[in-house]
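Here is my note on the model. Please read the points with the structure open.

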Amino acid sequence: MEHVLLVLRETEAEWEARIRGMFRFFDASGRGHLDHEQIEVDLSALHLPPEGGGWKGDYARELLRACDRDRDGRVGYDDFRKYMDDKELELYRIPGHRRRAQQMHPAEFYDHR
């Protein structure tokens with residue numbers, strides 16, 4: 001993960017604060033976890049999946065399955081953090097993405113608004 005932090009020009013504390021902030025954004029009710037309903041509301045607010053994007057089925061349920069490591073039907077912060085860590089590593093490995101990420105400010109990397 002250190003190489004990803006270098007590309008993003010973030011310290012580990014800054015990365016943690018950004019991920020925690022994203023979790024708080026999605027957990028608008030402050031319950032400390034996300035469930036299918038909350039994920040569905042959040043994805044809808046972000047216009048995800050995009051209409052005509054080719055995704056079939058219940059994207060919120062698929063995302064819940066991908067994030068919910070202990071299979072309790074909820075995504076707590078630790079689940080969310082691990083998922084985001086894995087996704088950032090995936091993005092880092094995509095050719096050309098590193099260069100684009102280096103040109104962005106860290107706040108832009110996940111700016112969905």
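**Notes on the model**

Setting aside neighbours within four places in sequence, Leu63 is in contact with Ile39, Leu43 and Tyr83; contact means heavy atoms within 4.5 Å.

This is a predicted model: local features need pLDDT of at least 70, side-chain atom pairs count only at pLDDT 80 or more, and totals for chains, interfaces and linings use all residues. Residues are numbered from 1 along each chain as its sequence is written, and side-chain values use heavy atoms, with hydrogens and water left out.

1. **Leu63.** This residue lies in helix H4 (residues 59-67). Helices (H or I, at least four residues) and strands (E, at least two) are DSSP runs, numbered from the N terminus. Leu63 counts as buried because its relative accessibility is 17%. The cut-offs are under 20% relative accessible area for buried, over 50% for exposed, and partly exposed in between (1.4 Å probe, protein chains only). Leu63 and Glu40 are 23 residues apart in sequence, yet their C-alpha atoms are 9.5 Å apart.

2. **H3 against H4.** The two helices pack at an angle of about 120 degrees, with their axes 9 Å apart. Axes here are lines fitted to C-alpha atoms, for helices over the stretch in contact, and angles run from 0 to 180 degrees between N-to-C directions. H3 and H4 are therefore oblique to each other. Angles under 35 degrees count as roughly parallel, over 145 as roughly antiparallel, 65 to 115 as roughly perpendicular, and the rest as oblique. H3 passes H4 in a right-handed crossing. The rule: right-handed if the near helix is turned clockwise from the far one by less than a right angle, left-handed if anticlockwise. H3 supplies His36, Ile39, Glu40 and Leu43 to the contact, and H4 supplies Tyr59, Ala60, Arg61, Leu63 and Leu64. By class, that contact has six nonpolar, one polar and two charged residues. Ala, Val, Leu, Ile, Met, Phe, Trp, Tyr, Cys and Pro count as nonpolar, Asp, Glu, Lys and Arg as charged, and the others, Gly among them, as polar.

3. **Gln38.** Helix H3 (residues 36-45) holds Gln38. Is Gln38 buried or exposed? Gln38 counts as buried, at 13% relative accessibility. Residues up to four places away aside, Gln38 touches Phe26, Ser29 and Arg31. Phe26 is 12 residues from Gln38 along the chain, and their C-alpha atoms are separated by 7.6 Å.

4. **H2 against H5.** The axes of helix H2 (residues 12-26) and helix H5 (residues 77-93) come within 10 Å and cross at roughly 120 degrees. That makes H2 oblique to H5. The crossing of H2 and H5 is right-handed. On the H2 side the contact uses Glu12, Trp15, Glu16, Arg18, Ile19, Arg20, Met22, Phe23 and Phe26; on the H5 side, Tyr77, Phe80, Arg81, Met84, Asp85 and Glu88. The residues of this contact divide into eight nonpolar, no polar and seven charged. Glu16, Arg20 and Arg81 are linked in a network of salt bridges.

5. **Salt bridges.** How many salt bridges are there? The count comes to seven, a salt bridge being a side-chain nitrogen of Lys or Arg within 4 Å of a carboxyl oxygen of Asp or Glu. Asp58 and Arg61 meet in one of them (3.4 Å, N to O). Asp58 is partly exposed at 26% relative accessibility, and Arg61 is partly exposed at 37%.

6. **Pairs along H5.** Lys82 forms a salt bridge with Asp86, with the closest N and O atoms 2.8 Å apart. Lys82 and Asp86 are separated by about one helical turn because they are four residues apart in helix H5. Lys82 is partly exposed at 33%, and so is Asp86 at 30%. Lys87 pairs with Glu90 in a salt bridge, the closest N and O atoms being 3.1 Å apart. Lys87 and Glu90 both lie in H5, three residues apart, about one turn of the helix. Lys87 is partly exposed at 27%, and Glu90 at 43%.

7. **Positive phi.** Most residues other than glycine have a negative phi. His47, not a glycine, has a positive phi near 60 degrees. His47 lies in the loop between H3 and H4 and is exposed, at 64% relative accessible area. Arg71 is not a glycine either, and its phi is positive, about 55 degrees. Arg71 lies in the loop between H4 and strand S2 (75-76) and is exposed, at 57%.
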